[in-house]
Structure formats: structure tokens, C-alpha cells
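Please work through the exercises below with the sequence and the model at hand. Each task is followed by a solution in steps.

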Amino acid sequence: MKVAISSAGKDLTSPIDPRFGRCAYFVIVDTETMEAQGYENPGALAGTGAGVAAAQLVANGGAEAVISKVLGPYSFAALREGDITAYTGASGTVKDAVEQFNNGELEVLADANAEADAGSKRRG
Amino acid sequence: MSQTSSESMQISVAAGKGGTGKTLVATSLALALNDVYPGRIQLIDCDVEEPNAHLLLQPELGNEEPVFVLVPEVDLELCTRCGACAEACQFSAIAVIRQAVLTFPDLCAGCGACAYVCPTGAITEVQRQVGTTRTGTAASGEISFVTGYLNVGDQRATPVTGAVKEQIDPNRIAILDAPPGTACPMQETVEGTDYCILVTEPTPFGLSNLRDAVETSRRVGVPCGVVINRHGVGTSGVEDYCAATGLQVLLRIPQRREIAEAYSRGETLAEARPEWRDDLVGMYGKIEDVVARAATEEGVS
């Protein structure tokens, strides 16, 4: 199956990015073949509602699950409605995250764990 | 575009920085002009997120009228989940996440693109209330007064600002009290007016925000001039900037405790000291000249 990982770069060697809505890239990986495709995240530029744009991207890419860390209300609602499961607890690179996923080491995220726009640089 | 005769003019009062005295100037000007043109003045409070002109003019207001925006409603039977709506939407307000179709009304700008591109006609636009407007009178029924209010929690002020501006009486001199800043709510207020008075204070912060406000006013094609409030404190930066760029300083309101005391009692400049009425009417005269000159240059009679 395909999994989308929020990432700082476009490929398997990139470090993961903890923010879902505003990460720089998503890498969508086929967990069986390890084929990977990197996409720029449109949510990175969004003023608000970034999580919706990000969820739309991963859904369009055929992902059935995402691996990330920080998901705000828009992100979580969009994924949940679309039956896309969010996993957390990964570390290292995109490749590491997929391996941790395949080994069952990751946790399912039960709810949003951040406020809206938490990943935006404008805050604080 | 509004006419340029003195019988009907739209003057916006804005500022880059908040707290400079926009509402004080706007309401004072309205009262002063009402003495010269009784029954010909209208005060439009366009700060729909935090209206406060009513505190100074104490209007008698009628009922609230709702302001609506259009948001999409999707018929899931007709929808094929093609995603054309999501692709068209510039605001991420509608999304097709696998088999789920989601709308986010608080992100929606009401542009109608989703409904337009839907190949099966599955999207209908329905009304959603985002705020209210109220109209009434002040100064013993002589000044027409319009105010608006954006519902708490809603993000887009411009639909309510637009609804407030729809109440402008084209036969009156309309003074529009703008919200602070230079973002969409201020632009929506200033755009289409004949002149924008920019109220500032003579400090570096005031100057910095004044520059933004001048640029914004120019971008929406509205001539502007400056009122320096709290004149006598701070630095010469604002005066120097006005001199260097040819910006007209229309009025200087001194830093005086008596003005602050009057304001704290809900009194405007026009009421605090009658001499102010002449200064404010004089300022209007200068604005009339600029607007008339601009009209002549454009070849509009």
C-alpha cells in the first residue's frame, strides 16, 4: 500500500518533517516495493487551511496512510473523513519511517494534536 | 466611481497603525461638516471587526440586517468524486479525500468556482450568515449612520464591509471610518472612495505604518493626505517623509490632555472645543480642492 510521509526533502533519504499541514514535501512510498515519489506540499504556502491542501495532495497520490507528527484540526478532520490513518512516532529518514511502519513500531494518532496554523512561522 | 461635487463625496479615514485616531477624526469631521451641511452627512463605520464610531456619535440604530455569503453544498448522489471542485478552489475550502467530499465554510471565499466547474451540477451555493449591518441616525437625526459587525470566529471581513458600503447614500458626503492596518478590510473600505485621510502619530512606528498605508492607498488608486495626531511628541520623521514625498499634511492635532479627556468622555474634537470645527471644515476644503483637481485632470466634468 502507499504511505505518505511528511518530509523535509523529496526522496527516501530525506529527514522527516514533523508538521503535516506545512511540511515542505510529501514522499509517497509503496510499502512493498519501496518505490518513492516526492511532491511539494501546497499547504506549505497556505495562510490557513493548510491541512486541507496537504490531505488533498496525499489523497490524490493514492496514499491510504500518512506518517507525520503534528496534525492540526483541518489536517486530522480531512484525513479521518477520507479514511486515511495517521501514524506517529517515526524518526530518522523517510526510508527509516517506512521500515518502522512495516515493523509495526508506529502508533495510530487518535485525534488532532495541535491547534490550527501551529506549523506556521507567523506564530509566536 | 462617486461624483466629485461637494454635494456627494466619499472620504475614507484610515491609518497603517492602530490607535492613531481614525475614529476620532472621522466622527469629528462628520459633526463639523454637519454644521455646514446639515442633513447631508453620513458616517459609515467600516471597521466591522471592532466598530467603535457609535461610542462617539451615540446613534439611534434600527434592526440588524443579516449579511450572507454563499458556500457550497454538495449532492453526494450526483457527485462522481472527480475532484474538479477541489482543484479549482484557491482556498482549500472544498476537498475530495478518497470517497469523502468535505467543505470548510469558514475557509470559503464565496467565489463560486467549485459550482461552476462541477461537471454533474452536484454543487449548489447556499447562504451562510457571517455578520450584520445596522443603520440609523446621529446628531438629532441629521447624520445618517451605518455600522456592521462580523460574527466572532469568522475570518473574512470583506463581505460585511461590502454590505455596509452598500448603504452609502450617493447624495450625501460619506465619511468612512476604516479598520486599522493595510490588509483586505482596510483596502475594501478605501477602494472606490474619492480621498483617503491617513491618520498617524509622529513616531518611528507611526511613520513605518504610514508608508504602508500610503502605498496601499496609491495601489487602490485613491489620493491621500495625512493628519498628524499627537503633534508635538516623538520625532520629525513623519513631517520629513511628507515633505520629501509631497504628501499633504491636512491637519495637526496637538498632544493635549484635554483632547484625551474629552475622548474618554465620548466627545469628539468638534464637541470638545468649537474652534476645532473650523479646522476640520478647512481640512475638508483642502480635500475638495484635491478631488476637484484630480477630476479635471482625468477629463471628468
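The exercises that follow concern a predicted model.

**Exercise 1. Describe the overall build of chain B.**

Solution. Begin with the secondary structure: chain B holds 11 helices and 12 strands. Next, consider the extent of the chain; along the principal axes, its C-alpha atoms fill a box of roughly 70 × 45 × 45 Å. Then turn to burial: 47% of the 301 residues of chain B count as buried. Finally, examine the contacts in chain B with a separation of 6 or more, of which 75% join residues 24 or more positions apart.

**Exercise 2. State into which domains chain B is divided, and how far apart their C-alpha centres lie.**

Solution. Domain 1 of chain B comprises 9-66 + 132-298, and domain 2 comprises 76-121. The C-alpha centres of domain 1 and domain 2 of chain B lie 40 Å apart.

**Exercise 3. Explain why helix H1 (residues 50-60) of chain A is largely enclosed by the rest of the structure.**

Solution. The cut-off comes first: a residue is buried if 20 or more other C-beta atoms lie within 10 Å of its own. Applied to H1(A), this criterion selects Ala50(A), Gly51(A), Val52(A), Ala53(A), Ala54(A), Ala55(A), Gln56(A), Val58(A) and Ala59(A). Thus 9 of the 11 residues of H1(A) are buried, and the helix is therefore largely enclosed.
The next step is to identify what covers these residues. From chain A, the cover includes strands E1 (2-7), E2 (25-30) and E4 (65-67) and helix H2 (73-81). From chain B, it includes helix H3 (84-88) and strand E5 (94-97). Just after H1(A), Gly62(A) adopts a positive phi of about 85 degrees.

**Exercise 4. Determine which residues have the most contacts inside the largest nonpolar core.**

Solution. This core has 131 residues, and those with the most contacts inside it are Val66(A), Leu43(B), Ile175(B) and Leu198(B). Helix H1 (residues 22-36) of chain B gives the most to the core, namely 8 residues. At least three residues come from each of domain 1 and domain 2 of chain B.
Take Val66(A) as an example: beyond four places away in sequence, the residues that Val66(A) touches include Val3(A), Phe20(A), Leu79(A) and Val58(A). Val58(A) is also among the buried residues of H1(A).

Notes:
Residues are numbered from 1 along each chain as its sequence is written. Chains are lettered from A and ligands numbered from 1 in the order in which they are written. This is a predicted model: local features need pLDDT of at least 70, side-chain atom pairs count only at pLDDT 80 or more; totals for chains, interfaces and linings use all residues. A residue is buried if 20 or more other C-beta atoms lie within 10 Å of its own, exposed if 12 or fewer, and partly exposed in between; C-beta atoms are placed from the backbone. Helices (H or I, at least four residues) and strands (E, at least two) are DSSP runs, numbered from the N terminus. Two residues are in contact if their C-beta atoms, placed from the backbone, lie within 7 Å. Domain bounds come from an automatic or database domain assignment. A nonpolar core is a set of buried Ala, Val, Leu, Ile, Met, Phe, Trp, Tyr and Cys residues joined through C-beta atoms within 7 Å.
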